[in-house]
Amino acid sequence: MMQNTVKTAALTETAEKGKTPWWKQAVIYQIYPRSFCDSNGDGIGDLAGILSRLDYLEELGIDAIWLSPVFRSPQDDNGYDISDYCDIDPIFGTLEEMDSLIREAGKRGIRIIMDLVLNHTSDQHRWFLEAKKSRDNPFHDFYIWRDGDGTRPPNGLKASFGGSAWEWVPELGQYYFHCFSVRQPDLNWENPLLRQELYRMIRWWIRRGIGGFRLDVVDLFGKEPDREITSDGPGLHALIREMSREAFIDPELVTVGEAWSADTESAKLYSSPDGAELSMVFQFEHHLADREAGKDKWHRIPVDFVRLKKILARWQQALSGCGWNSLFWENHDLPRSVSRFGDEGPFREASAKMLAIALHGMQGTPYIYQGEELGMTNIRLPLEEYRDIETRNMIRENREAGLPEAWIRQSVFAISRDNARTPMQWDDSENAGFSSGTPWIPVNPNYREINAAEQRKRPDSVFSCYRTLNRLRKRYPVFTDGTFRLLLEEDRQIFAYRRENAGTSLLVLCNFSGECAANPLAAETAAGKLLISSYPDSGDPGVLRPYEAGIYLFERQKEE
Ligand code: NOJ
């Protein structure tokens with residue numbers, strides 16, 4: 001085994017800069033490997049494809065790559081169903097290629113964050129195959145089983161991808177528990193032997209040179225299914241602290257906990273600066289700012305803007321000095337941000353840049369999801385062409401329930417996870433330069449207009465805007481350390497806030513609407529230095545054009 005134990009000069013230098021951990025000043029780029037770049041023409045992106053695009057990522061100026069799972073997997077949920085934690089799935093490449101990726105990225109100052117799915121495995125994992133053999137198999141207790149007679153599951157808990165969370169195994173006379181698909185049985189975190197196995201595997205990856213981990217659905221680890229508790233179980237934080245002590249052996253590591261259920265109080269535990277649990281929390285409250293509460297995600301109503309601002313501001317204030325948040329609009333489970341929060345039409349570029357500015361000005365670690373830096377949009381496919389297990393199950397269940405086709409189509413277009421999973425748009429050649437074969441999912445037809453090759457050349461592109469933001473973060477510590485104050489709270493078009501630190505302050509001003517807005521802060525902006533804008537030219541200072549956004553810098557004069 002080739003171990004990447006030697007840290008490259010670039011990484012060590014960042015680590016030694018000072019007390020602030022590197023990941024507080026970092027920008028993280030998420031790669032969904034299956035859709036990023038295909039090197040061998042089988043239509044599926046792979047590790048060699050990622051290796052071939054490292055220059056692009058270096059140019060963008062990111063510090064770490066969060067790699068969605070590349071472990072061996074039957075791909076029931078595109079890799080979030082792992083059958084071997086210590087091997088790479090052949091569709092993505094080999095362990096040697098993973099080592100090269102760690103090494104080559106390291107040379108460019110980029111760390112690799114693996115996506116660890118520890119809440120469940122694939123039903124093809126050796127542990128589960130053993131566990132199913134008999135009740136007294138040593139691996140049986142690695143999973144969650146309850147007796148029954150096959151006619152009625154132990155309780156009414158539902159799986160996230162539809163149906164009951166309990167699956168009957170007649171040979172054993174038992175049900176097993178699964179929060180997601182039937183092919184993703186949940187691990188039994190109450191079993192100390194299981195936990196030790198997981199920690200051993202994590203340490204193995206750390207010794208291979210991995211820079212960190214994103215922990216899939218970390219909030220589910222402490223579940224108590226008998227009491228119908230799935231997230232935030234009473235033992236959750238003790239489990240995370242144990243994992244942190246025993247597995248996260250490298251102090252340089254970044255650890256990110258995905259937690260749909262997190263509120264600001266639990267977030268302070270997850271991401272406490274004493275490092276007892278994780279580096280940061282990855283929570284979704286700002287994605288739940290719909291105009292009407294209480295609807296499931298397929299029934300989303302357009303965003304309630306004032307509510308969104310207040311949620312963002314509340315998180316900024318609550319975690320200041322006592323926790324750390326992830327900043328993101330997109331990931332592989334969410335629709336494209338221009339389609340949800342901005343404009344897919346004439347203001348696509350302005351709104352994509354506005355969203356970038358609004359997000360990157362806040363405190364926390366910003367994430368860029370592949371293609372977000374180009375302003376990629378949602379896709380609309382015939383329903384048979386959707387690939388995502390969640391979307392397919394939803395279509396089937398709603399058809400069975402007799403819901404109108406038009407309603408199903410509308411929900412899928414708005415929410416399906418496949419919106420974010422269409423191939424990365426590299427250039428205007430066939431298949432957007434993603435693959436020489438047939439892509440596993442159709443390329444968005446707008447790739448001739450929206451692609452990386454075109455945007456890299458253009459100083460006013462969305463790509464250039466992200467690049468500038470990444471540089472500004474490195475240059476001005478106020479982006480990392482500054483306090484946050486929401487301005488114009490009730491304004492229905494403008495998101496404005498101040499960041500302030502040691503004599504330097506930023507004013508971030510964003511018009512979130514497709515209409516012009518009077519600029520109530522014109523006198524202030526006139527006195528600041530404009531660092532970045534979503535428009536290439538300056539307009540009337542008293543008016544913010546549709547989706548116009550800017551960051552203004554104010555520096556106190558240094559005393560002689
Ligand atoms: C959260 C992941 O982000 C999602 O893609 C996956 O389907 C579920 N967890 C199950 O692992």
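# Helix packing and selected loop residues

Helix H12 passes helix H13 in a right-handed crossing, meaning that the near helix is turned clockwise from the far one by less than a right angle. The structure is a predicted model, in which local features need pLDDT of at least 70 and side-chain atom pairs count only at pLDDT 80 or more, while totals for chains, interfaces and linings use all residues. Residues are numbered from 1 along each chain as its sequence is written, and side-chain values use heavy atoms, with hydrogens and water left out. Helices (H or I, at least four residues) and strands (E, at least two) are DSSP runs numbered from the N terminus.

**Helices H12 and H13**

- H12 covers residues 389-400 and H13 covers residues 405-415; the two pack at an angle of about 160 degrees, with their axes 10 Å apart. Axes are lines fitted to C-alpha atoms over the stretch in contact, and angles between N-to-C directions run from 0 to 180 degrees.
- H12 and H13 are therefore roughly antiparallel to each other (over 145 degrees; under 35 is roughly parallel).
- On the H12 side, Thr391, Met394, Ile395, Asn398 and Arg399 meet Glu405, Trp407, Ile408, Ser411 and Val412 of H13; contact means heavy atoms within 4.5 Å.
- Sorted by class, this contact of H12 with H13 has five nonpolar, three polar and two charged residues. Ala, Val, Leu, Ile, Met, Phe, Trp, Tyr, Cys and Pro count as nonpolar, Asp, Glu, Lys and Arg as charged, and the others, Gly among them, as polar.

- H15 (residues 462-475) has 14 residues and reaches 20 Å from its first C-alpha to its last, close to the 20 Å expected at 1.5 Å a residue (1.5 Å times one less than the number of residues).
- The buried residues of H15 are Val462, Phe463, Ser464, Cys465, Tyr466, Leu469, Asn470, Leu472 and Arg473. Buried stands for under 20% relative accessible area, exposed for over 50%, and partly exposed for values in between (1.4 Å probe, protein chains only).
- The axes of H11 (residues 348-360) and H15 come within 9 Å and cross at roughly 15 degrees, so these helices are roughly parallel to each other.
- This crossing of H11 and H15 is right-handed. Glu349, Ala352, Lys353, Ala356, Ile357 and His360 of H11 make the contact with Val462, Cys465, Tyr466, Leu469, Asn470 and Arg473 of H15.
- By class, the contact of H11 with H15 has seven nonpolar, two polar and three charged residues.

- Val217, which is not a glycine, has a positive phi of about 35 degrees. Val217 sits in the loop between strand S9 (212-215) and helix H7 (236-247), and counts as buried at 8% relative accessibility.
- Leu488 has a positive phi near 45 degrees. Its place is the loop between strand S14 (483-487) and strand S15 (494-501), where Leu488 is partly exposed at 25% relative accessibility.

**Two further loop residues**

- Gln370 lies in the loop between strand S13 (365-369) and H12 and is buried, with a relative accessible area of 1%.
- Not counting residues up to four places away in sequence, Gln370 touches Tyr29, Gln30, Ile31, Tyr32, Ser35, Phe36, Arg336 and Met424. Pro423 is 53 residues from Gln370 in sequence and 9.4 Å away in space, C-alpha to C-alpha.
- Lys297 belongs to the loop between strand S11 (280-282) and helix H9 (305-319) and is partly exposed, with a relative accessible area of 26%.
- Lys297 touches Asp333, Glu390, Ile415 and Arg417, not counting residues up to four places away in sequence.

How values were computed:
Angles under 35 degrees count as roughly parallel, over 145 as roughly antiparallel, 65 to 115 as roughly perpendicular and the rest as oblique.
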